[in-house]
Every structure is written in C-alpha cells, then in structure tokens.
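Please read them with the structure open beside you.

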Amino acid sequence: MSGHCATIRFTVNGVQCAVEAPPMKRLLDVLREDLHLTGSKEGCGEGECGSCSVRMNGELVNSCLVPVLQAEGATVQTVEGLATEGKLHPLQQAFLKCGGAQCGICTPGMLMAGAQLLSIHPHPTMQEIREGLAGNLCRCTGFVRIFESVIAAAAQDCASVSNEAGDAR
Amino acid sequence: MRGNAEAHELVAPGNLAWVLELLAAAPGEWTPIAGGTELMVAHAAGRLAPKKLVSLWGVPELRFIHASAESISIGAGATFRDLRASAGIAAELPMLAKAASWIGSIANQSRATLGGNLVNGSPAADSSPALLVYDAEIEMVSARGSRRVPYAAFHTGYKRNALAPDELLFAVHLPLRFMRSRQYLRKVGTRRAMAISKVALAGVALIEHGVIGEIRIAAASLAAFPARLNQVEAALLGRRIDASTVAAARAALHAEVRPIDDIRSTAEYRKRVAANLLEEFLNELGVEAPRR
C-alpha cells in the first residue's frame with residue numbers, strides 16, 4: 001500500500017470541505033487544485049518565502065509544508081476568507097491605500113501574516129512588524145510600504161474585525 | 001513540487017499508544033513526521049526517502065510544558081511557538097526562549113517542534129547549544145517502556161542519535177539550577193531573520209571568589225553534531241579570568257572543534273568567530289556584579 005487517497009474533512013473560510021487526496025499531498029496543492037482557492041501562492045516550496053501562508057487553527061503556517069492529512073478537522077483561513085460580507089479586511093484596505101502590493105505574488109501571504117500579527121499585537125511596534133513578516137519575502141516594494149500598510153491598518157483597529165480562524169488561542 | 005504525494009504513505013494514529021504500537025510492529029519501517037518543516041521540504045524537492053510516515057502532529061500526549069520547582073519538562077511535540085509563549089521558560093531558561101525565537105519565521109515556529117529539531121540532528125540546530133549547557137535530559141519512549149539519557153549523549157554522529165528504531169523522543173527535561181549562573185548565547189548567521197547559523201555558542205558559568213567555579217560551553221556548527229566543548233571547559237575551570245586564560249581557552253577551542261567548509265561558511269571563519277564568541281562570553285564573566 002502507498003499513498004492511496006483518503007477523505008479529509010476540514011473547514012476552509014467557514015465552509016465545511018471534504019476532499020479525496022493522498023495524505024501526503026500538500027495543503028497548498030489541495031487548496032489550489034482541489035478547492036480552486038488560488039490566492040495562496042507557491043514561491044519557494046520550502047517554507048522560506050511565505051507566499052503560501054494561511055492560518056490553521058489560529059496559527060500562521062506555510063501551507064506548502066502541511067501534509068493535508070494533518071489538516072483533518074482543522075479550521076483553515078486563506079486570503080480568500082479575509083474579506084467578510086463583501087468588505088475588505090482593514091489590512092487589505094491599507095495595502096490598497098499605502099501601495100503595499102506591487103507584483104502581487106507575496107501579497108496573499110503578507111496579508112495573512114499581517115492579519116495574524118494584528119490579531120496578536122493590535123498595535124504592533126516596528127520590531128514586532130519586522131518579526132511578524134520576517135518569513136514573507138517581497139522583491140518589489142522593499143518592504144517599507146508593506147510595513148506602512150500594517151501601521152495604517154493598526155490605526156484602524158483591526159483587532160475589532162472578526163475573523164473566524166484568528167482566535168483559537 | 002517535484003515530489004509525488006502518491007509515492008508516500010502517511011497515517012495519523014492520533015494517540016501515543018497507537019503510534020508506539022505501529023513502531024513496535026515494524027521497527028524502523030515508519031518515519032515519524034511532526035510539523036513537517038524539515039521532511040516536507042525534502043518532499044517538495046522530490047528527495048524524501050521514507051515511503052511510510054506516521055504523523056505525530058496532534059498527538060496530545062506529546063505536546064506539553066510542565067514546570068515544577070526543580071525542573072521544566074517539555075514534550076517533544078511542543079512547538080517553538082509554545083516554548084516562546086511559556087512564562088516558565090522565559091523566566092527560568094531564558095536562553096532556550098531566545099533560541100526558540102531564532103527558529104525560522106513565525107509560520108515555521110508554529111509548526112516546528114522541539115523533538116523534531118533534536119531528532120533531525122542538524123549540526124546547526126538552534127535549540128541545541130542552550131539545551132546542552134542547561135544539562136538537558138532526553139526521555140525516549142517505546143512500547144517496551146521509557147528511558148533517559150543526558151542530551152550530551154543523544155547525538156552519536158552526523159544525523160545519528162541514540163533512538164532505537166521503535167523509539168520516539170518523548171520529552172526534554174531541564175533542571176532549574178542556573179538562576180545564579182551567568183549565561184551567554186549568541187548565534188552568527190547571514191542575517192537576523194530566517195538564517196541557519198554559521199556558528200552558535202552557549203555558555204553558563206559560576207564565578208566563585210574570582211575564579212570560574214563551574215562552566216559549561218556548547219556550540220552548533222562546529223562539529224558533526226551540536227556538542228559540549230569539554231576541552232575548553234577544562235581549560236577554564238578554576239581559572240581567574242585574565243588575558244592568559246582567554247588565550248588558553250581560545251587555543252583549546254581551536255584544538256577541539258571540527259568545523260567544515262559548506263555553503264554557509266568556511267571552517268576557518270567558523271573557528272575564528274567561535275573563538276571570538278568565547279572571548280566575548282569570558283569578557284562578560286570578567287565584569288563584576290551579575291545582573292541577577
């Protein structure tokens with residue numbers, strides 16, 4: 001016997017899902033190929049660049065390093081789940097306003113890491129922002145506009161924005 | 001993604017007894033995988049050799065941090081985020097808290113486990129130097145029972161360790177007797193975030209009546225596995241800290257360590273920087289009045 005498909009159930013952006021997949025298939029690939037949630041990107045595929053970042057049970061994770069079997073029963077939030085009721089998350093609004101996105105590859109991961117940061121530190125220091133985003137690489141903006149976006153979002157009090165995956169702890 | 005998910009089996013028994021039963025039934029056939037920060041990298045690159053994997057993620061018996069007056073015990077499945085969130089570790093074992101903050105990014109820390117870091121056995125492992133100088137003990141468990149070894153005896157060669165094929169690393173036990181000790185931990189990497197160390201050095205010492213009464217020094221990336229520097233310790237024990245002691249310690253370090261040239265650094269650079277770190281530690285010891 002090798003990697004025969006298993007039925008794996010978890011919640012993505014508030015929706016219950018059941019996928020048939022080999023247990024070692026990466027969560028990233030299940031999100032993109034099986035669930036057609038292509039917001040999460042693959043950059044390095046080895047947990048360095050953060051472009052595949054999602055939140056799983058309230059923790060920021062690299063979805064390229066999660067075998068989908070380990071997501072069984074989990075609550076997952078992807079960038080597609082950041083806006084609620086047709087309204088952008090304050091961090092998304094801040095990225096638009098401050099020019100936080102340029103080519104866009106890193107943006108979904110930056111948004112997820114930034115949202116995670118703001119859920120823990122609603123008013124982060126620059127050191128906390130730098131550490132919170134250290135696992136997300138951007139080769140366009142030089143990071144400054146991304147940091148400014150996080151600061152702008154914090155000024156709007158992101159913590160009050162409900163999010164379904166951010167409060168497991 | 002160059003790996004093939006269908007070429008690997010992965011099972012998740014969900015509790016410790018069932019994992020141990022699986023390992024006992026076919027010793028050496030199953031490779032444990034916890035947070036995947038090492039094995040999934042190999043998987044994506046198409047170089048994950050093990051075909052049968054057993055998931056330790058979510059096994060509740062492995063994820064704990066227990067503190068008592070004498071010791072702190074950390075389950076192998078505790079993540080580095082768990083370690084950083086522990087008030088007991090921050091207060092009693094500050095170097096371990098600092099080392100946990102070195103592990104990759106926030107996303108890596110929320111998945112990477114202490115047990116995984118040690119079993120993977122990288123010579124550059126971030127948590128190892130602190131655990132070595134804190135005199136950590138490793139508890140291993142199998143269907144046959146459990147046993148303990150000093151962490152200093154856990155690594156037996158490059159990426160080799162004391163685990164039998166049917167055993168798991170269960171917990172790391174740390175005695176709490178270093179509150180009076182002077183402590184030093186520094187990592188040198190290419191940059192502050194997300195860098196694997198070129199060299200890292202940890203030390204604890206007690207200065208009594210102006211001489212070194214007790215000292216432990218350990219390093220990463222200076223040999224095939226993280227290890228105590230016994231000859232350096234011997235060169236320092238009972239000595240007063242002055243220029244000749246520092247010179248003797250540097251010479252002992254040069255004689256003892258066995259670094260290599262690799263993609264991250266050179267043996268020569270590692271030796272020289274390690275000696276500089278040692279000297280920095282000794283200079284701090286030479287300054288009067290411990291901070292606590």
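1. Conventions. This is a predicted model, in which local features need pLDDT of at least 70, side-chain atom pairs count only at pLDDT 80 or more, and totals for chains, interfaces and linings use all residues. Residues are numbered from 1 along each chain as its sequence is written, and chains are lettered from A and ligands numbered from 1 in the order in which they are written.

2. Contact between the chains. Chain A puts 30 residues in contact with 27 residues of chain B. Contact means that the C-beta atoms of two residues, placed from the backbone, lie within 7 Å. Strand β4 (residues 59–62) of chain A gives the largest share of chain A's side, four residues. Helices (H or I, at least four residues) and strands (E, at least two) are DSSP runs, numbered from the N terminus. By class, chain A's side has 13 nonpolar, 10 polar and seven charged residues. Here Ala, Val, Leu, Ile, Met, Phe, Trp, Tyr, Cys and Pro count as nonpolar, Asp, Glu, Lys and Arg as charged, and the others, Gly among them, as polar.

3. The sheet in chain A. Five strands make an open sheet in chain A, in the order β2-β1-β5-β3-β4, with mixed pairing. Two strands pair if DSSP finds at least two bridges between them. The edges are β2 (15–21) and β4 of chain A, each pairing on one side only. Neighbouring strands are turned by 40° against each other on average, direction ignored. Strand β3 (residues 53–56) and strand β5 (residues 75–77) of chain A are antiparallel, with two bridges. Within β5(A), A:V76 is opposite A:M56. Helix α3 (residues 107–120) of chain A packs on this sheet and touches β3 and β4 of chain A; its direction makes about 40° with that of β3(A). Axes are lines fitted to C-alpha atoms, for helices over the stretch in contact, and angles run from 0 to 180 degrees between N-to-C directions.

4. A:S53 lies in strand β3 of chain A. Is A:S53 buried or exposed? A:S53 is buried, because 33 other C-beta atoms lie within 10 Å. The cut-offs are 20 or more such atoms within 10 Å for buried, 12 or fewer for exposed, and partly exposed in between, with C-beta atoms placed from the backbone.

5. Chain B has an open sheet of four strands, β11-β12-β13-β14, with antiparallel pairing. Its edge strands are β11 (182–188) and β14 (227–228) of chain B. Seven bridges join β11(B) to β12(B), with B:R182 partnered by B:A205. Nine bridges join strand β12 (residues 199–208) to strand β13 (residues 211–220) of chain B.

6. α5(B) lies across β11 and β12 of chain B, at about 10° to β11(B). α11(B) touches β11, β12 and β13 of chain B, and its direction makes about 25° with that of β12(B).

7. Domains of chain B. The assignment, which is automatic or from a database, gives domain 1 (8–55), domain 2 (62–175) and domain 3 (182–286). The centres of domains 2 and 3 of chain B are 21 Å apart over C-alpha atoms. In chain B, 21 residues of domain 2 are in contact with 22 of domain 3. On the domain 2 side, α5 (94–102), α8 (128–133) and β8 (155–157) of chain B each supply at least two residues. That side divides into 13 nonpolar, six polar and two charged residues.

8. The core. The largest nonpolar core has 141 residues; B:L96, B:A219, B:A274 and B:L278 touch the most other members. Such a core is a set of buried Ala, Val, Leu, Ile, Met, Phe, Trp, Tyr and Cys residues joined through C-beta atoms within 7 Å. Helix α11 (residues 267–286) of chain B gives the most, eight residues. Beyond four places in sequence, B:A219 touches residues including B:V199, B:L201, B:V257 and B:A274.
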